[in-house]
Amino acid sequence: MNVPAFLFDAVLLWSALGAAALALAGAAWRVDWKTLTPGRANAWAGATVLTLLMWTLSGGFKPGLSFHLLGAALMTLLMGPWLALLALAAVLAGATAMGAGSWLAIGLNWWTMVAVPVGVAGTGLWLAHRLLPANLFVYVFVNAFLAGGASYFAASLAGVTVLGLAGAYEAEYLLADALPFYFLLSWSEAFTTGLLTAVLVVYRPHWVSTFDDDRYLKDPEG
């Protein structure tokens with residue numbers, strides 16, 4: 001959800017923007033730019049553009065309560081969490097330039113629509129890597145399907161919480177009327193992320209930086 005600036009205090013908006021800029025600088029420092037080969041860079045640029053197009057296909061019923069698929073979990077699997085934070089920041093900037101949000105609120109929107117879902121997807125990937133068996137089913141079902149739905153709902157919950165704390169809407173309305181819509185859409189996010197991930201690891205596994213053939217396709221008896 002793209003929250004509009006007029007619902008929030010200017011101090012909060014500028015603070016969120018400054019914190020987002022610092023976080024993005026840290027993410028850029030953490031990216032292993034040596035792995036960004038021309039072929040992979042082109043694939044990731046294409047994924048960024050397609051995600052921007054997906055963000056433009058949005059609907060809504062009140063200011064700050066719009067809805068569209070995020071693609072955060074898929075971008076995290078494709079690029080890793082640090083580069084995903086940067087790529088989705090570009091997506092958010094593009095969507096804002098197209099009139100889907102407020103420039104002053106872009107920092108707050110980045111935290112709710114980018115940092116939270118990428119954080120959930122990245123944490124899920126880290127936990128699955130350490131606690132679950134290394135096979136293709138775990139990668140697609142847990143890291144893509146389940147993490148995709150969880151990341152979307154977490155972003156929605158973060159947005160609803162911000163709107164509630166700002167007093168933009170009554171908490172009862174947000175919980176009873178708005179949040180159920182986002183819960184239902186989280187299943188669409190989960191299905192889309194799982195399907196696209198399954199297709200990519202079969203046909204273009206070299207585009208998926210977090211997928212390792214030796215780890216997920218190895219013979220368990222080998």
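Predicted model: local features only at pLDDT ≥ 70, side-chain atom pairs only at ≥ 80, totals over all residues.
**Close-up 1**

**Close-up 2. Helix 3 and the helices packed around it.** Helix 3 covers residues 72-79, and because 8 of its 8 residues are buried, the helix is largely enclosed by the rest of the structure. The buried residues are A72, A73, L74, M75, T76, L77, L78 and M79. They pack against helix 2 (38-56), helix 4 (81-100), helix 5 (106-131), helix 6 (136-165) and helix 7 (171-203).

**Close-up 3. The largest pocket and its lining.** The largest pocket has a volume of about 310 Å³, and the elements that give two or more residues to its lining are helix 2, helix 3 and helix 7. Of the 18 lining residues, A47, L50, L74, L78 and L196 lie nearest the centre of the pocket; two of these, L74 and L78, are also listed among the buried residues of helix 3. Helix 2 gives the most to the lining, with 7 residues. By residue class, the lining of this pocket divides into 12 nonpolar, 5 polar and 1 charged.

**Close-up 4. The cavity and the residues around it.** The structure holds 1 cavity of 30 Å³ or more, and the volume of the largest cavity is about 60 Å³. Its lining is made up of M1, S66, F67, H68, L70, T112, M113, Y152, A155, S156 and Y182, with strand 2 (66-67), helix 5 and helix 6 as the elements that give two or more residues. The largest share, 3 residues, comes from helix 6. The lining of the largest cavity divides into 7 nonpolar and 4 polar residues, with no charged residue.

**Close-up 5. T210 and its surroundings.** T210 is placed in the loop between helix 7 and helix 8 (213-216). The side chain of T210 is joined to that of Y139 by a polar contact of 2.6 Å.

**Close-up 6. K62 in the loop between two strands.** K62 is found in the loop between strand 1 (59-60) and strand 2. Its relative accessibility is 40%, and K62 therefore counts as partly exposed. Leaving aside residues up to four places away in sequence, K62 touches Y169 and Y173. The C-alpha atoms of K62 and A134 are 44 Å apart in space, for a separation of 72 residues in sequence.

**Close-up 7. Annotated spans set against the model.** An unreviewed UniProt entry lists residues 41-61, 82-104, 110-129, 136-169 and 181-203 under "transmembrane region". In the model, the span of residues 110-129 is 100% helix and 0% strand, and its end C-alpha atoms lie 27 Å apart. For residues 136-169, the corresponding separation of the end C-alpha atoms is 43 Å, and the span is 88% helix and 0% strand.

Key
Residues numbered from 1 in each chain as written. Heavy atoms only, no water. Buried < 20%, exposed > 50% of the residue type's maximum accessible area, 1.4 Å probe, protein only. Helix = DSSP H or I, 4+ residues; strand = E, 2+ residues; numbered from the N terminus. Contact = heavy atoms within 4.5 Å. 1 Å grid on protein atoms, 1.4 Å probe; cavity = no way out; pocket = protein on both sides within 12 Å on 5 of 7 lines; lining within 4 Å. Points joined across faces, edges and corners; volume = space filled by probe spheres on them. Nonpolar A, V, L, I, M, F, W, Y, C, P; charged D, E, K, R; others polar. UniProt positions renumbered as here; feature names shortened; annotations may be inferred. Polar contact = N/O pair within 3.5 Å; in protein donor to acceptor, adjacent residues only side chain to side chain.
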